[in-house]
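Let's take a friendly walk through this model together. Have the sequence and the 3D view open as you read.

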Amino acid sequence: MIAIVEAARAGLLRRENWPRNLVAGVIVGVVALPLAMAFAIASGVKPEQGLYTAIIAGIAVSLFGGSRVQIAGPTGAFIVILAGIVAQFGVDGLLLATLMAGVILVAMGWARLGGVIRYIPDPVIVGFTAGIAVIIWVGQWQYFFGLPAPGDGPFYLKLWRLVQSFGHLDPATTAVGMVSLLLTLWGSRIPGLSRVPGPLLAMLVATGIVSVLGLPSVATIESTYGAIPRSLPSLQFPVADFDRWMALLPSAFTIAMLGAIESLLSAMVADSMAGTRHDSNQELIGQGIANILSPLFGGIAATGAIARTATNIRNGGNAPIAGVVHGITLLLILLALAPYAGKVPLAALAAVLFVVAWNMSEVHRFLRLLRHAPRADAGILVITFALTIFTDLVVAVNIGVILAMFQFMRRMSAAVSVVEHDPHSLREQLARAGLQALPPDLVVYAIEGPFFFGSVDSLERALSWSRQPPKVLVLWLERVPLIDATGLKRLESTIEAMHKRGIKVVLCGANLRVLRKLMRAQLVRRDHPDGYYADLADALRALADAHGQAEAAQSASEA
């Protein structure tokens, strides 16, 4: 379901639908301008590279993605990862890793893994997103307050250095930052300015203040990074040897995984707002194409941006036209106003990122999970959050998912039971078998739930009889939806142990999938038909007949 094709089939490319999407695209383009530059600077690259990303990736995702209203570009979630890659491998390494991530995303889409990404547990997503928000917030103190650079090192060391340097903050930079923060938050409430996005208003006012008052201590984009060029860079293919490709592969996978998560979350939010339904696999392919094209023109990693996508929908965007217009708007701004963009104070962009970090953190959602979620889920949330801040995002997500899997298996194993059935609970099966009671020395146990490696001990506990053991054990498998290799092995060992004690074991009632596995493991064999029955009633009838025949034979021998 390619976005532009799906929109054409739905009639959204007709002339009467263009005005609303043109307006939405221009508004989103204006909103994206300060964000694109701010995210690029925070990621350790030049501000124009953020604009290149928003232009190229934004158009590519709008055309080839799986959501017709998705707006893509650089996002805050990538800042921590991209800054780390730049610090380790340089900007060229980042561009190469982004291209590799694009290829991985396309492969994930072709392999139809779009649905799998959505199963990452909520506490893990909220935990690492809140952790990233804290890192972004602290990382902007330097620019917001005019503090000395904290230098390299782990997060806690940088934080301590920044706290120690607060005595050296620059009053002018802090004042510009505070004005920008107030305008970003509440600028739209000023009469007559309700249609001007807060970040854009903050950027314009802060630039005007610095230009009029001539504040040399306030760092600007131009004074720090040089003038922004009024053109797109030429097409350049990265060149690297095999060792460099291999060294960048883990970083590429990290970009791809986070990009997949963010884009699919954004697409789901868009579906809930616009009443649409996205194609998750095509969305991954579209994001992959965007991340392949973006670094070829100097851009960085991109993904679906929830805030810009929501802005698009709120302003009437309902087709890929809006996303394309958003990219064209940024291109025209770059070509016409690049010299003026260089005058923007970094404190203003830091204020914008403060707000982005706050929105990313979703404090209300974090606290709600912490207070009302099961204790284990709250623990996973806190662990993921802490590991994101103090170690690494990849480590945090991996450990968070692993802990969530262990918790899920613990809950699943607790839900599995092995129940002994008495004649009263089996009256329906006995009636179908034409019996009044169970045959003597026969017990029926039902395994209820998935019989996997986390639940196999329940069978042994149930069969550790303190009373006289029966002569026949019937294991009823009707309520076993699945069985794994460990379950098969434990079932085999249980049958062997019962046989050594002189107890006959009969299986019955397995569904087709479980039965196939039982036959493959040779626990059910065609040359031993009395070891398995398709239905419990059939098993009881056959065992009762066998018992009757045995009694008759014994009576005849005694006579």
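Is E362 buried, partly exposed or exposed? E362 is partly exposed, because its relative accessible area is 26%; buried means under 20% relative accessible area, exposed over 50%, and partly exposed in between, with a 1.4 Å probe and protein chains only. Before going further, note that this is a predicted model, in which local features need pLDDT of at least 70 and side-chain atom pairs count only at pLDDT 80 or more, while totals for chains, interfaces and linings use all residues. Residues are numbered from 1 along each chain as its sequence is written, and side-chain values use heavy atoms, leaving out hydrogens and water.

E362 sits in the loop between α16 and α17 (363-372); helices (H or I, at least four residues) and strands (E, at least two) are DSSP runs numbered from the N terminus. Its backbone deserves a look: E362 is not a glycine, yet has a positive phi of about 45 degrees. Most residues other than glycine have a negative phi. Q522 also has a positive phi, near 60 degrees, and is not glycine either. You will find Q522 in the loop between α23 (512-520) and β7 (532-533), and Q522 counts as exposed because its relative accessibility is 57%.

Now turn to helix α16 (residues 346-361), which packs against helix α2 (residues 18-42) at an angle of about 95 degrees, with the axes 9 Å apart. Axes here are lines fitted to C-alpha atoms over the stretch in contact, and angles run from 0 to 180 degrees between N-to-C directions. So α2 is roughly perpendicular to α16, a label for angles of 65 to 115 degrees. Residues in this contact (heavy atoms within 4.5 Å) include M37 and F39 of α2 and L349 and V352 of α16.

Together with F128 and I255, M37 touches the most other members of the largest nonpolar core, which has 73 residues. Such a core is a set of buried Ala, Val, Leu, Ile, Met, Phe, Trp, Tyr and Cys residues joined through side-chain atoms within 4.5 Å. Helix α4 (residues 79-110) gives the most to this core, with 14 residues.

Finally, visit Q70, in the loop between α3 (47-64) and β1 (72-73). Q70 counts as buried because its relative accessibility is 1%. Beyond its neighbours within four places in sequence, Q70 is in contact with residues including V61, A267 and T309.

Note on methods. Angles under 35 degrees count as roughly parallel, over 145 as roughly antiparallel, 65 to 115 as roughly perpendicular and the rest as oblique.
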